[in-house]
Amino acid sequence: MLPFKENIIQENSKFVLVERKFSSNLSSKELTWHRDKEDREVILKKGTGWYIQFDNELPTLMSVNNVYKIPSYTWHRIINKNKTNLTIEVKKYKWIQNKF
């Protein structure tokens, strides 16, 4: 089971843009390290105290409206240090590997 609720905002031949909402009640066990098969861009829309972390890097505090690029098959996770709800937009690129 995924730790978020997802709604499709836009879809075309190049990408799918979705909104994801994460509850402040999630445990760190539910926010696991993972990789995705496509390139992604993540934009924080609502929430404070959320971090994004890439393999072999320190966590980075996410800021509203910043774009976080995640190349395909890159290990990453999000971390909630402030216990607020999180809303992000995720643009998932179709059939294009290593777009960045």
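How many bridges pair strand β4 with β7, and in which sense? Strand β4 (residues 50-54) pairs with β7 over five bridges, in the antiparallel sense. This is a predicted model, in which local features need pLDDT of at least 70 and side-chain atom pairs count only at pLDDT 80 or more, while totals for chains, interfaces and linings use all residues. Residues are numbered from 1 along each chain as its sequence is written, and side-chain values use heavy atoms, with hydrogens and water left out.

**View 1. The open sheet contains three strands.** Their order is β5-β4-β7, with antiparallel pairing. Two strands pair if DSSP finds at least two bridges between them. Strands are DSSP runs (E, at least two residues), numbered from the N terminus.

**View 2. The edges of the sheet are β5 (60-61) and β7 (76-80).** Each has a single partner strand, so one side of each is left without a neighbour in the sheet.

**View 3. Q53 and R77 stand opposite each other.** R77 belongs to β7.

**View 4. Buried residues make up 39% of the 100 residues in the chain.** Buried means under 20% relative accessible area (1.4 Å probe, protein chains only). The C-alpha atoms fill a box of roughly 35 × 30 × 25 Å along the principal axes.

Technical notes: Buried means under 20% relative accessible area, exposed over 50%, partly exposed in between (1.4 Å probe, protein chains only). Helices (H or I, at least four residues) and strands (E, at least two) are DSSP runs, numbered from the N terminus.
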